[in-house]
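Open the model in your viewer and keep the selection panel at hand. This tour goes from stop to stop, starting at the ligand.

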Amino acid sequence: MSKKTLLSGVKPTGTAHIGNYFGAMKQFVDLQNTHRDANKFFMIADYHGLNFIQNAEEMRRLTLNLALDYLAIGIDPKQSIIFKQSDVSAHTELAWIFDTIVTMPYLMRAHAFKDAEAKDKEINVGTFNYPVLMAADILLYGTEVVPVGQDQKQHIEYARDIALKFNHIFGPKNPQEYGDLIFKLPEPLIMENVATVPGIDGRKMSKSYGNTIPLFASREEITKAVMGIVTDSGGPEAGGIPMNVYNIHKLVKSEEKLKELYAMQKGKYKALKEALIEDLDAFIKPMRERRAELAKNPKKVLKILETGAKQANKVAAAKLEEAKKAVGVL
Ligand code: TYM
């Protein structure tokens, strides 16, 4: 039996927030610890990010920041491979091969494309093609499990469809007889209770909505964000609980303890927010300190990315070669 393979990625397009963490990044670390003998790849999706960050210095800064974030939350380069998408050219090369079998109407069904269109936004080809590059990211490594938040579910479905289509057109006609399929079908791993972490306004926490709590926020930043939470009484069904506060609070404290606290402080929004600030700060502080330590030595971080790129390239190059042979360019 071959080892299980897990892969996921984050775009370096801003400051990582607790939605990224609880929705996806925490699972990276949990899986690393529960799946010791699996192959684990955690990618910095800089080529996806290039659709949004078009400034060289900013891109370098955000990329290094995300590598620090990965390390500070506990991704261990001895157990997992941390790498930058652009360091493994097989991703863009395989994406091109996929481009030749994916149709435009099919890509026009992507949520991100439809949203941009509905808002009359000009859409670049990179954004339109986003799901194809992401399919290449996943399929190159024979990935079985992709830990992500709910908003990425459709992208994993695209990856599955593209794998099926490629296997159908170019794969062995009878895989039982002729060996394995070229591309494995990946599954998303989405934790139900944190599939969509809400932001301080109750909508999905998102860099683009400006409603985030940064993952490595200072005490002051935490205070500012929490004081900015839109307080709602939650309506009768929530029993007067300010749900926007509660839903963030339950990320860092058990619901059992929260019930007690929210009953005791009923209607006292300021006191509840102060309790949330305490709990968030206690949660973030050790990671914030670890990150500050790591940030003192950026060379070491760059070295980790260099090693990760070598390891990822090895696996990706072999799969790309298989795909190139299958389509007949090799
Ligand atoms: P990105 O950078 O937008 O987000 C990184 C991860 O954070 C999750 N997430 C959330 N989860 C729950 N609640 C939220 N409010 C929330 N906000 C963000 C996202 O679902 C994601 O898992 N396309 C990807 C990056 C990518 C990738 C890949 C992922 C590129 N190639 C291959 C997996 C496999 C993205 O833009 O994530």
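This is a predicted model: local features need pLDDT of at least 70, side-chain atom pairs count only at pLDDT 80 or more; totals for chains, interfaces and linings use all residues.

Stop 1: Residues are numbered from 1 along each chain as its sequence is written, and side-chain values use heavy atoms, with hydrogens and water left out.

Colour the shell by class. Helices (H or I, at least four residues) and strands (E, at least two) are DSSP runs, numbered from the N terminus.

Which polar side-chain atom lies 2.4 Å from an oxygen atom of the ligand? Pick D151; the atom belongs to its side chain. Next, pick N20, with a polar side-chain atom 3.2 Å from a ligand oxygen. Then Q152: a polar atom of its side chain lies 2.9 Å from a ligand nitrogen. A polar contact is a pair of N or O atoms within 3.5 Å; within protein, one must be able to donate a hydrogen and the other to accept it, and residues adjacent in sequence count only if both atoms are side-chain atoms. The protein covers 97% of the 720 Å² of accessible area that the ligand has on its own. Such areas come from the Shrake-Rupley method with a 1.4 Å probe; for residues, only the protein chains shown count as cover.

**Stop 2: helix α4.** Select residues 90-99. The buried residues are A90, H91, L94, A95, I97 and F98. Buried means under 20% relative accessible area, exposed over 50%, and partly exposed in between (1.4 Å probe, protein chains only). Now show what covers them, including β2 (39-44), β3 (81-84), α8 (130-139), α9 (153-170) and α15 (298-327).

**Stop 3: Q85.** Go to the loop between β3 and α4, where Q85 sits. Q85 counts as buried because its relative accessibility is 0%. Beyond residues up to four places away in sequence, Q85 touches M43, I44, A45, D46, Y47, H48, H91, L133 and D137. Contact means heavy atoms within 4.5 Å.

**Stop 4: N211.** Move to the loop between β5 (187-189) and α11 (219-227). N211 is buried, at 1% relative accessibility. A polar atom of its side chain lies 3.0 Å from the backbone oxygen of K204. The backbone nitrogen of S206 lies 2.9 Å from a polar atom of the N211 side chain.

**Stop 5: A24.** Select A24 in helix α1. Its relative accessibility is 13%, so A24 counts as buried. The C-alpha atoms of A24 and V194 are 8.6 Å apart, with the two residues 170 apart along the chain.

**Last stop: D120.** Find the loop between α6 (111-118) and α7 (125-128). Is D120 buried or exposed? D120 counts as exposed, at 72% relative accessibility. Check its backbone too: D120 has a positive phi of about 60° although it is not a glycine.
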